[in-house]
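I hope they are handy while you look through it.

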Amino acid sequence: MFNKKNIEFLKRAIKHRSFIVGGSMTLLLIFCAFISLFWTPWDPIKQNLLIRHSPPSWEHLLGTDQFGRDIFSVIMAGSQNSISVGLVSVSIGIIFGVSIGLLASTKRGWVEELIMRLCDFMYAFPAILLAIMLVATIGQGSINAMVAIGIFSIPVFARLTRGAANAIWAREYILASRSAGKGLFRITIEHVLPNILSVIIVQATIQFALAILAEAALSFLGLGAQPPTPSWGRMLSEARSMIYLNPWLAVYPGIAIAISVLGLNLLGDGLRDLVDPRLARKR
Amino acid sequence: MSIFLLKRFFTFIVTLLGASLLTFLSLEILPGDPARVILGIDAPQSAVDALRLQLGLDRPMVDRYFDWLAHLLTGRFGVSYTYNVPVMDLIKHRIGITFPLAILSMLLSVLVALILGIYAASRHNKIGDVSVMGLSQLGISIPNFWLALLLILFFAVNLGWFSSGGFVGWDKGFIKSIQSLILPAISLATVQGAILARFTRSAVLETMREDYVRTARAKGLTRRGTLWKHVLRNAMIPVITIMGLQFANLLAGTIIVEEVFAIPGLGRLILQAISNRDITVVRDVVILLAALVVFINFVVDVLYAVIDPRLKPQDV
Amino acid sequence: MLDIKNLNINLNTVYGDATAVRNLSFKLEKGKTLGIVGESGCGKSLTALAVMGLLPENSWSTGEIIFNNKNLLSLNEDKLCKIRGNSIGMIFQEPMTSLNPLHTIGKQIAEPMILHGKVTRSMIKKEVLNLLDMVGIPDPLKRISSFPHELSGGQRQRVMIAMALSCKPEILIADEPTTALDVTIQKQILDLIKDLIDEFGMSMILISHDLGVIANNVQEIIVMYGGVCVEKGYTKKLINNISHPYSQGLFSAIPTLEMQEDSEQRLKTIPGSVPEITEIPKGCTFQGRCEYVSDICVKNSPNSVKISEDHEAYCFNLDKLN
């Protein structure tokens, strides 16, 4: 665990600015979601029409919304939604995408060609448009939104995996294992997968951020999380009609989204530098 | 025509067919009978059956797909169930809003991205570079519809410089029309521009490390001269690819931004049609947008061949 | 004409600062040719880039590079630009990647001449055609509008030569000009360079890892190892009496025809490999691989030892060697 290589990695990680900043922001997001499972300052769902649109105070840090709910509490609870969307859709993307990518890289020939052309096709097609269509047809709701977003991250992982895996397959020691009589499947599990793991983790961080953005967009259009589940995207959509009355409603959830996405993006960039010292040195 | 372009043209056609199939199928799995949805739960079964017949829903799926394709190819779009007008009529006005909006935001994002990206690359690792990159990192992290809300809040609600939404119509004059498109265009262009700026920067930096750039310097060209004469054109090749791919996102982005600004374009049409279960409209608009995207990517490929002599026909 | 005094080149790497070239001094007279030989990583290419003022971003040089009574290291960028390609031309190792893929070769050859105001616009095409003809490209009229990818490696290197010579520079620097080429093409290219040098009365710095290439093409040789000069001298004198253990190793690593007849004699190799620039030892740089190494080699850097007129080596153990 604490061999020389890992310690070296940690040493560089501590010094890496965007890794540390992004990592802290991401931890903040996870922490928020975790705490909100047990406790929020106020109930994020219960309405209290007596205190609608109250300004920020010690009692309500960010004030209350049009139903008298504590905005800070709703935002805290909304982080659960964003995190679960990220987790589910990235998992879908990784499970299917990595398998498909490995398949393409192992089988080669027409299988690889077909898979890659399909991925190209998905790339050229406006993904969000399809996600909107898909959610609209199979029905609105968090789960469907997660699945739709997950489906569109499959080609991203498939392409990445195939490219990275092909590079591993070309290495000498793989050739040696093959000539030693190891099967394709075993080599894939023993040598290829561990070697491409870091690239996949980096991409997963970026896709997590994209999933949060996409879900917010779907929820904003009313196609994602349904009331009363707290969701940042829907908070913004509800704030639209209040924009003259209580403009701050339209500000806070956006900040929450931006911090989460920025944190994950920075973390991803930092990780990329750290796992690929060749690129880091070029800087 | 070179083999490269022929291949690309073939891909273009195949992608279009794939897009049509995907669009058609994803609407076929829609639960519920469209005829029933249109007429409502209380409508007598006989009326529903009659509508099914009228819409051709009784015929096999494969037949309907090829019918639809044939209609698209001859430019005859369907008739909307809910509006009861040809889809073409619905599209005609709206495309004149959505398309200029997409083009305007594309222009904005490309302009800003190229300037910032090239500037950052030329100031590599200096304060200018770092601040541009920090700014773009922020730009990438902001949802475009939230930026749209903020722009409305600031420029329309607080300053009152622009109207908070709607579209005046081209008949009110070019300036006025562009004015009502400028805020939506900015909110769309910011994210795209931020991504493109980062990409431009790294493409320029990558090209600067090429051997032929060193050759150019050895000829006596200044740093700046090398950048303009040798680096930029080479760096533009990957940048143009990204621009093509971004167009897809931009069009998809118009759907949500039109919603925020209440602009009566294709995006709003599609959202309304989806909530009305107006399959004909959804299908035709989606395939239109998809075709546009695929076409733009084809144009990008053609641009490649213009820029890169390695893809031009070999003189045999 | 070119006088390099105490040139030091420092690199800034992730592992810390390192000195890639140490106290290098040599002179190049007008019309003379000089070769620098050594394994990759010995600092020979960096030396060439330092003369051009084109060192990579993470490196800097100290000392003096006097060219026509001006110290190039103290000139500003604008003045250097007027010298590059104009008074000093350079040919690089990789003809495949050293030409801009998007410009015709005609345009690329014309570029330095236009830049340095050597010809009028109306004469440019004729001048480019002349140059193409001179470097032996067949059918120049057709080739002038070709793109680099349409040429073979040898032809591209000819284009590079035409480009470097277009302004009739006083010095030509050729950094491994034939390394990337087929063996059959190598000699053609070297002969072409030599002929043109003679024709224009230019000076040349030829850089190669191949002592054979160097010995056949230049009048004076510098052998470099680990960023320092270990031996230098007039070609004939040096080749007839190779003194430094490293030079001897380099020379005996060249296969000759006679070897095949005598099965006892085998191709010698130098044990070990070139140290990383961050790990170059104090004292003699060759100590780690030298079979004659002694205590003093580890402590001190060897001074110049005169072997004969115009031939010197940097070694403590020259007497043991012979």
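1. A word on terms before we start: a residue is called buried under 20% relative accessible area, exposed over 50%, and partly exposed in between (1.4 Å probe, protein chains only). By that scale Arg240(A) is partly exposed, with a relative accessible area of 26%.

2. Please keep in mind that this is a predicted model, in which local features need pLDDT of at least 70 and side-chain atom pairs count only at pLDDT 80 or more, while totals for chains, interfaces and linings use all residues. Residues are numbered from 1 along each chain as its sequence is written, chains are lettered from A and ligands numbered from 1 in the order in which they are written, and side-chain values use heavy atoms, with hydrogens and water left out.

3. Let me take the overall build of chain C next. Chain C has 13 helices and twelve strands, where helices (H or I, at least four residues) and strands (E, at least two) are DSSP runs numbered from the N terminus. Its C-alpha trace spans about 65 × 55 × 40 Å along the principal axes. The radius of gyration of chain C is 21 Å, which agrees with the value near 20 Å that a compact globule of 322 residues would have; the radius is taken over C-alpha atoms, and the globule rule is 2.2 Å times the number of residues to the power 0.38. Of the 322 residues in chain C, 51% count as buried.

4. Now to the salt bridges, each being a side-chain nitrogen of Lys or Arg within 4 Å of a carboxyl oxygen of Asp or Glu. Over all chains the count comes to 20. One of them pairs Glu112(A) with Arg162(A), with the closest N and O atoms 2.8 Å apart. Glu112(A) sits in helix α4 (residues 109–124) and Arg162(A) in helix α6 (residues 142–169) of chain A, so this pair ties together parts that are 50 residues apart in sequence. Glu112(A) is buried at 11% relative accessible area, whereas Arg162(A) is partly exposed at 26%.

5. Which pair joins two chains? Glu259(B) and Arg240(A) meet in a salt bridge of 3.8 Å, N to O. Glu259(B) belongs to helix α10 of chain B and Arg240(A) to the loop between α9 (232–239) and α10 (252–275) of chain A, so the pair joins two chains. Glu259(B) is buried, at 19% relative accessible area. A network of salt bridges links Arg240(A), Glu259(B) and Arg268(B).

6. Within chain C, Arg289(C) and Glu39(C) form a salt bridge at 3.3 Å, N to O. Arg289(C) lies in the loop between α11 (257–261) and α12 (295–299) and Glu39(C) in the loop between β3 (33–37) and α1 (44–52), so the pair ties together parts that are 250 residues apart in sequence. Arg289(C) counts as buried at 9%, and Glu39(C) is partly exposed at 23%.

7. Finally, have a look at the surface of chain B. Leu21(B), Leu25(B), Met61(B), Val62(B) and Phe66(B) form a nonpolar patch with about 450 Å² of accessible area together; such patches take residues with over 30% relative accessible area and no salt bridge, with nonpolar side chains (Val, Leu, Ile, Met, Phe, Trp, Tyr) joined within 5 Å and like charges within 9 Å. Areas come from the Shrake-Rupley method with a 1.4 Å probe, and for residues only the protein chains shown count as cover. Helix α4(B) gives the largest share, three residues. Leu21(B), in helix α1 of chain B, is partly exposed at 39% relative accessibility.
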